[in-house]
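Could you walk me through this model in my viewer, one selection at a time? I would like to know what to click on and what I will find there.

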Amino acid sequence: MALFKYNGEWLQERRGGLIGAILNSGVARNEQGSRVARRGRRFPRNFLKPRFFRWLLLLLAVLFFCVFATFVLKLLSNGNEEEKYLPLSGEVLEQVSSYDAPLTPPKSKRRKQHFPCEVGLAAAVDNILEPKNYMNFTQFSLGYVEREVNPHANSPQSRFGGYQTLNEREKSFLARNQTIHCGFVKGMSRLSSPGFELSENDKAYMNTCRVAVSSCIFGSSDFLRRPTSRLISEFSKKNVCFVMFVDEQTLSKLSSEGHTPDEKGYVGLWKIVVVRNLPYLDMRKTGKVPKFLSHRLFPSSRYSIWLDSKMRLNTDPMLIIEFFLWRMRAEYAISNHYDRHCVWEEVLQNKRLNKYNHTAIDEQFMFYQSDGLRKFNPSDPNISLPSYVPEGSFIIRAHTPMSNLFSCLWFNEVDRFTSRDQLSFAYTYLKLTRMNPDKPFHLNMFKDCERRALAKLFRHRLLSSPPPP
């Protein structure tokens, strides 16, 4: 029989089977025989000892320190975030600007999306007809310098754009009977070649074109994108020349990709014309020759359309000419830029993206400002263009004297300065119209969304050449 201690006395614990064990487990009797509730299990003896309190206090101290440290770190981080937006003193701003560091957080890299819009083209080629007296624009006769005769240009090497003096450049802006520099200029030596050499067969073919659609790929800088044949009328397939200018390197690359010209030199609708002896080391500047000088490459043509190699033509060229030239009574059509409208903005963007040597851009820009170029002001009621920055990947032209003159002038600016033709467009147009107030130039600058409706846009394969040093 077990004993247990209660109030300093030892008592007997009775166990009588299962029920007794249950009843006796929780109660006990005192000397008077009354039941007394049995105490539960006692706390450990070391519960109330000082050592236990010391460990408990230590644990609480550690917890408090962790909470306090977290609070302090959060407070400091918030303070640092707020300091980013505190106004900087003049000295600090000068130091920051001296390192050319941006003071504003970078913009999101997500590109703004642009979409095509509806263009009111005619339903079919059969429904269009060139208006009477359409070509009755400003009339004068233009000739082109074929061989350099400038006595100050005694360079042993020929230069494709020639050696135009500033005085010759100034006079060339006058819409009058004259002979001007417009590419393909041979040197003083009889054996010199200006470059951009074509075969005699290709020249003969291009001389038969009355309407030309052209593009180019130099330095294997792009893929070959064929016009969508099912969207081109049979009339245009028979009467419009589709010419793709390439160099020998590009021809080899395209052939390796399955675009081998047939026995007549065609890949789809494109007539492949190989250019030898490229006039510039910069492939982008070489590409300006077919872009601006279609009236020289296709001397018998009345109309031409230029599209960049990053585009695939999805519209019949005759419908394009009817809408943007005939219907608008225009002799030159080009779209505005999708994002920028001021040359100042275009200059900054070209430098930000390192599109060209910054010093060369600054020299060109300063020259234009000194000659009267001003910022684009959309609120000006006398403004002659809806934008000073074009999207030059799609150009529609009638080969009129004024259109040909403007093309030569624009090319000469690209030849003299940088290949970034968006920098020189507004200057060339404004100077031409300013110097010929009684001889209008009918230029139609249409919306960029309309350009996107005419052709599908892709990205270039790669840069044809790094920015010039």
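Start by selecting F406: leaving aside neighbours within four places in sequence, it is in contact (heavy atoms within 4.5 Å) with Y332, F425, T428, Y429, L432, F441 and L443. This is a predicted model, where local features need pLDDT of at least 70 and side-chain atom pairs pLDDT 80 or more, while totals for chains, interfaces and linings use all residues. Residues are numbered from 1 along each chain as its sequence is written, and side-chain values use heavy atoms, without hydrogens or water.

Now widen the view. F406 is among the residues with the most contacts inside the largest nonpolar core, which has 62 residues. Such a core is a set of buried (under 20% relative accessible area, 1.4 Å probe, protein chains only) Ala, Val, Leu, Ile, Met, Phe, Trp, Tyr and Cys residues joined through side-chain atoms within 4.5 Å.

Next, pick K431, which is buried at 1% relative accessible area. Its side chain meets that of E170 in a salt bridge (Lys or Arg side-chain nitrogen within 4 Å of an Asp or Glu carboxyl oxygen), at 3.1 Å from N to O. E170 lies in helix α4 and K431 in helix α15, so the pair ties together parts 261 residues apart in sequence. K431 also forms a salt bridge with D371, again with closest N and O atoms 3.1 Å apart. Shared partners join E170, D371 and K431 into one network.

Methods
Buried means under 20% relative accessible area, exposed over 50%, partly exposed in between (1.4 Å probe, protein chains only). Helices (H or I, at least four residues) and strands (E, at least two) are DSSP runs, numbered from the N terminus.
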